[in-house]
Amino acid sequence: MPPTDVTTLIRTELPRLAGSLRKVGELILADPAAVTHSSAAELGRRTGTSQATVTRFCRAIGLDSYQHLLIELAQERGRGEVSDWGSAEIGPEISPDDDLERVVTVVGSADLRAVQQTIDRMDLDALERAAQAVARARRIDVYGVGGSGAVAQETETRLFRIGCSVRGWSEVHGAATSAALLTPADVAIGISHSGATRETIEPFELAKERGATTVALTSDPRSPLARAADIRLISATSETSFRTGSIGGRHSVLVLIDCLYVRVAQLSYQRASASLALTDHITPQHTVKSRRTR
């Protein structure tokens, strides 16, 4: 499986870092190309910290050393330069004076990059186990609030269309009530960009206590939601100016949902085909036909 870009890793870990470690991460994200030409001591001076702090930062994000960080940054830059889905020269920043062409280029490049990274890092075994569990589930709960609530509703719409007994919950009391009624024959899907949203984690953990198979969709593999899950599906983020957090990562999560949905349809082919056949006529019946002018 292709590696996850180290800048994506840093963005994922940054919310958990504080003080001097966070300063190091923020400077690397601000100018990763410049960091590749700096020593650990120089980076420490630039951040007002120390060489030891830079080394601790590398270990905090799961790297062996500062040299490991430099190698990862160089490889990421190389992948960007030869990739069809983005250029290393296109940064995520959009200034008030940028023209519309620059806005479209930055946003499009960020979204394409995040989608490709999500595909590259996708754990096919985890996706298969999630699809198998959903396909045979008696009932499926999907939890998500805020922006993730919209994704939960989209997940409900897709799975419901192919005959799954599914409900998306964006209100914590209703979600908790439903979770308390789940059984080992059921599946609970929790969706949270940060993986730390309490209103999603509470019913998710309750569903796990009830014996349901739990599937987490998050950008942070070490988050509380991910740790509570039986199966983890990890998305990449595509942050730009004015688009941070879950807004920047929405396309990536939908890629995961799409892959899950299609695989479930494959695994429950007869049910899915029959459900689609019974509902295919509904949308055309509600399409307004344009009048031709003579």
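Guide: Contact here means heavy atoms within 4.5 Å. This is a predicted model.

Visitor: Among contacts between residues at least 6 apart in sequence, what share join residues at least 24 apart?

Guide: In the protein chain that share is 69%.

Visitor: How many helices and strands does the chain have?

Guide: The secondary structure comes to 15 helices and five strands. The chain has 294 residues, and 45% of them count as buried.

Visitor: What is the average pLDDT?

Guide: The average for the protein chain is 87, and 88% of the residues score at least 70.

Visitor: Where does pLDDT stay under 50?

Guide: Over residues 84-89. The model has 15 contacts beyond four places in sequence for that stretch.

Visitor: On to the strands. Is E3 largely enclosed or open?

Guide: Strand E3 covers residues 187-191, and five of the five are buried, so the strand is largely enclosed by the rest of the structure.

Visitor: Which residues of E3 point which way?

Guide: Val 187, Ile 189 and Ile 191 point one way, while Ala 188 and Gly 190 point the other way. Both sets are buried.

Visitor: Does E1 run parallel or antiparallel to E3?

Guide: Parallel: four bridges join strand E1, residues 140-143, to E3. Within that pairing, Tyr 143 stands opposite Gly 190 of E3.

Visitor: And what about E3 with E4, parallel or antiparallel?

Guide: E3 and strand E4, residues 213-218, pair in the parallel sense over five bridges. Ile 189 has Val 215 as its bridge partner in E4.

Visitor: Which helix does the chain pass through from E3 to E4?

Guide: The chain goes through helix H11, residues 198-209, and this β-α-β crossover is right-handed.

Visitor: What about Thr 218, buried or exposed?

Guide: Thr 218 is found in strand E4. Its relative accessibility is 1%, so Thr 218 counts as buried.

Visitor: Which backbone oxygen does its side chain reach?

Guide: The side chain of Thr 218 reaches the backbone oxygen of His 193 at 3.2 Å. Leaving aside neighbours within four places in sequence, Thr 218 is in contact with residues including Ser 192, Gly 195, Leu 225 and Ile 234.

Visitor: Changing topic: where is Ser 178?

Guide: Ser 178 lies in helix H10. With 7% relative accessibility, Ser 178 counts as buried.

Visitor: What does its side chain make a polar contact with?

Guide: With the side chain of Asp 141, at 2.7 Å. Leaving aside neighbours within four places in sequence, Ser 178 is in contact with Arg 139, Asp 141 and Trp 169.

Visitor: Now helix H8. How many residues, and what length?

Guide: H8, residues 124-136, has 13 residues and reaches 18 Å from its first C-alpha to its last, close to the 18 Å expected at 1.5 Å a residue.

Visitor: What caps its N-terminal end?

Guide: Asp 123 does, with a side-chain oxygen 3.1 Å from the backbone nitrogen of Asp 125.

Visitor: Which residues of H8 are buried?

Guide: Ala 126, Leu 127, Ala 130, Ala 131, Ala 133, Val 134 and Ala 135.

Visitor: Last one, Thr 47. Where is its place?

Guide: In the loop between helix H4 (40-46) and helix H5 (51-60). Thr 47 is buried, with a relative accessible area of 8%.

Visitor: Which polar partners does the Thr 47 side chain have?

Guide: That side chain reaches the backbone oxygen of Gly 44 at 3.1 Å. A polar contact of 2.7 Å also joins the side chains of Thr 47 and Thr 49.

Visitor: And what does Thr 47 touch, not counting residues up to four places away in sequence?

Guide: Thr 47 touches Lys 23, Val 24 and Leu 27. Val 24 and Leu 27 are among the buried residues of helix H2.

Methods
Residues numbered from 1 in each chain as written. Predicted model: local features only at pLDDT ≥ 70, side-chain atom pairs only at ≥ 80, totals over all residues. Heavy atoms only, no water. Buried < 20%, exposed > 50% of the residue type's maximum accessible area, 1.4 Å probe, protein only. Helix = DSSP H or I, 4+ residues; strand = E, 2+ residues; numbered from the N terminus. Pairing = 2+ DSSP bridges. Right-handed = clockwise from strand over helix to strand, strands pointing away. Expected span 1.5 Å × (residues − 1). Polar contact = N/O pair within 3.5 Å; in protein donor to acceptor, adjacent residues only side chain to side chain. pLDDT = per-residue confidence, 0-100.
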